[in-house]
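I opened this entry to keep track of what I looked up. The notes follow the order of my searches.

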Amino acid sequence: MAEEIEKRYDPSAIEPKWQQKWAADPALYAAEPIDCGKPKYYVLEMLPYPSGQLHMGHVRNYSIGDALARHMWMRGYNVLHPMGWDAFGLPAENAALKNNTPPREWTLSNIAAMKRQMERLGLGYDWATEVTTCLPDYYRWNQWFFLRMYEKDLVYRKKSKVNWCPECATVLANEQVVDGCCWRHETTLVEQRDLVQWFFRITAYAQELLEGLDKLEGWPEKVRTMQRNWIGRSEGTEVDFKVRGSGETIRVFTTRVDTIFGATSVQLAPQHALVDAFTAADPALKVLVDELIEQQKKAREAGDLGAIEKHGVATGRVAINPYNGQPVPIWVANYILADYGTGAIMSVPGHDERDFEFANKYGLEVRRVIAPLPESEEAALPFTSEEGVLVNSGEFTGLSCSDAQILMQVVAERGRFGEPKVTFRLKDWGVSRQRYWGTPIPMIHCETDGLVPVPDEQLPVVLPAQIEITQQGGSPLGRVADFVNVTCPKCGGPARRETDTMDTFVDSSWYFYRYTDAKNSSAPFDPATAQYWFPIDQYIGGVEHAILHLIYSRFWTKVMRDLGLIKNDEPARRLFTQGMVIKDGAKMSKSKGNVVSPDDMIAKYGADATRMYALFAAPPDRDLDWQEDGVAGVSRFLARVWRLATKYAPVARAARDQAAEAPTGIALKLLRKLHQTIAKITLDFEGRWHFNTCVAAIMELVNEIQAADAQLAAGEVPAPAIRELLRTLVLLLAPLAPYLAAELWEELGEEGAVLRATWPVSDPELAKEDELEVPVQINGKLVSVVRVPAGSDAKTIEAAALAEEKVQSRTTGKTVAKVIVVPGKLVNLVVK
RNA sequence: GCGAAAGUGGCGGAAUUGGCAGACGCACCAGACUUAGGAUCUGGCGGAGCAAUCCAUGGGGGUUCGAGUCCCCCCUUUCGCACCA
């Protein structure tokens, strides 16, 4: 009875025991010095926002990263596997309002809670490198970088229309506006306001950010495509149209200057500067234009700008096409965007779908200036292909579209009415936030000296601790007199501190560099150390960060490189985006009531079973359907491993000094399976990352060993073979179920930490089968299976197949027209 | 509308290079053990059929000795982009 209880697999006893041991031995998961002589491997999972609770998505993300890190440790690498906290942000302020808890306190206690959860999960992080972005020793370097970027003219201020979320009471970046609503408040419409904002000049790197994507072969194509779309490079031409009877010109951007002889109007965005001039003199026009603005705003808010019904207003003014001197009417239209290109276009209804639709609606002329190539039959307008020849285009008639574009650009430049132009959709990164819980922007406003950067030696500009958080607009810091009132570093006179704080995406843009040298108090990090660890070998996280975080991180890396801090151009060599965790076909959410708590799973099944299920239930790049019965199944499997290992542990221990003999019989069979399993799992870790099949392979191995239980018990398998089986099984399990592996490693009498043991190597000779089952098909249909010795040649296999009974009965009286033998694979007889 | 990914038993999924479809797990069924239990072990488990066999990887065509895998057309789902001139 007592013995029975002792033998039961009890993760709630094993796991806390090892958790304590690991906590007492920080060197276990610590990165080694950069001169340790081992090859380095930097595995990184995206740092979480400290909400206070891990969710299953985290568990999945970190289980993948931890398995990889452990595998690499066992492969002899110097592994950096850090963790940190994306600790600034609005929820802390909301919590302060709700519970009257200071944001700092709230955040730090959440961090403590989540760290406990991570430790309970047995995740092997190097906590000595922990980064918490809301602490001054981290965010002072945000400020430092801000100043360096200010010096390089990569930071500037401008008044701009900003996305304002009434719920957050702050400005949002374009990237944070989803379908016209706030990314955090999916039902709150974003408003447009005019504010002076700080910007990072990310567009200075637009071209390099785009080109770099081609070299990021270790990144998912999907992410690269999304970034390409976001950057939105477009090559074209800018052309000036003179406004008749005034000195004004309208500059338009077009990718199809070759169609300009077909331009039958010029269209301005309702916010275009010239429109203001027109409406100033014409109140009736202003009413109509305001309507267009209103329509555009509504469509933008509704998130379907693309579906807006086209409306336009004729201004009564006329512009002159510089290529042929022809007058065209000037319109204002609601489908022209003020913030793209020049905010004005030439409308060519004959060769553009949108212009065609607009022209039809308002009865504007549709003119053909491109004819399809002879072999193309389709000639109907609008004809938008670039495979064509110019017609009705004056001196350019007869040229191909591509030749015409080049020549017309030359003509424009010579005539000083236009030039080639590359336009990007990417906008500069607005980083100002009118919030408290973020990095203070290190600038001072002085009446005498204007904008004055905070001198480096005054960093960090520390967030005041005592502050009243309210929901009123404007920055909370503005109400803290001690913070705001400073002396100007230049003239010593009274001045005001900047009260905006930085977007939290600043924090996450470079945190992974800080991990390499987290305690450095004189620099953001030591360049030599960063050069050793970078680029990150494997970055793992959710695809929801494909644009925001990952494009800012790439930008920041290039800026740091140009500051001479690092040598790498890109932060991460390989990126892996794991799938979502869903339940009952839907993303886990409180509103759907389908949230599964990691704590509950751990309490019920243990951390090993929870983690292993997260790896087993689906390949890591796909969505994972959480089924608790599946966790129970993995738990049962681990219990089976436990019983098997503990049952034969005494035999294995006793065999430690025994020499192994060449295995035969059942021992050979089991060792063969073992070495096949080693090969499969090693391959999966190296390339495919299908941890679900890794787990399945280990299950198969255990099933086979267990099926031989009677022989094992009867002593038919030599003790050294039993030892090799169990010991290797534990090694294979170590990255996936670290607690159980540690416990069984000790149980088997093995020395040291299993994490420091060497990853097993498959012996190809031992893994090889000596007899093969070869399927035999007749006309492609399976008929039978023959057994032949491994390595048999085609002739032998063919003879064996033809001699097979079922094959005989089906071929007698018929002709075997052809025999296909794929050695080791199959035999197919073509029978007539 | 454009682009990408996916579609395989009751469920999650496997099949890595064109070569035995359904590994492994869950659920379910039967049995064993039993101080009766949501423990463990054994066996079964795509569909039809007593069977031999036949059918089967979203649907339809094709290439091939052979197709879940390659090609063409279509359907569905998910994701991304969408007046970007």
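I began with the domains. Chain A splits into domain 1 (10-134 + 527-587), domain 2 (141-201 + 428-502), domain 3 (234-423), domain 4 (627-767) and domain 5 (771-831). These bounds come from an automatic or database domain assignment. I took the C-alpha centres of domain 4 and domain 5 and found them 36 Å apart.

I noted the ground rules next. This is a predicted model, where local features need pLDDT of at least 70, side-chain atom pairs count only at pLDDT 80 or more, and totals for chains, interfaces and linings use all residues. Residues are numbered from 1 along each chain as its sequence is written, chains are lettered from A and ligands numbered from 1 in the order in which they are written, and side-chain values use heavy atoms, without hydrogens and water.

Then I looked at the whole chain. Chain A holds 27 helices and 34 strands; these are DSSP runs (helices H or I, at least four residues; strands E, at least two), numbered from the N terminus. Its C-alpha trace spans about 105 × 85 × 50 Å along the principal axes. I read 54% of the 832 residues of chain A as buried (under 20% relative accessible area, 1.4 Å probe, protein chains only).

I turned to RNA strand B.

A polar side-chain atom of Arg425 sits 2.4 Å from a phosphate oxygen of RNA strand B. Leu337 places a backbone N or O atom 2.9 Å from a base nitrogen of the RNA. A side-chain N or O atom of Thr254 is 3.2 Å from a sugar or linking oxygen of RNA strand B.

α21 gives the most, with 7 residues.

Last, I followed α19 to one residue. Ser635 is in helix α19 (residues 628-654). Is Ser635 buried or exposed? Ser635 counts as buried because its relative accessibility is 15%. Beyond neighbours within four places in sequence, Ser635 contacts Tyr9, Tyr605 and Ala609 (heavy atoms within 4.5 Å).

Key: Buried < 20%, exposed > 50% of the residue type's maximum accessible area, 1.4 Å probe, protein only. Polar contact = N/O pair within 3.5 Å; in protein donor to acceptor, adjacent residues only side chain to side chain.
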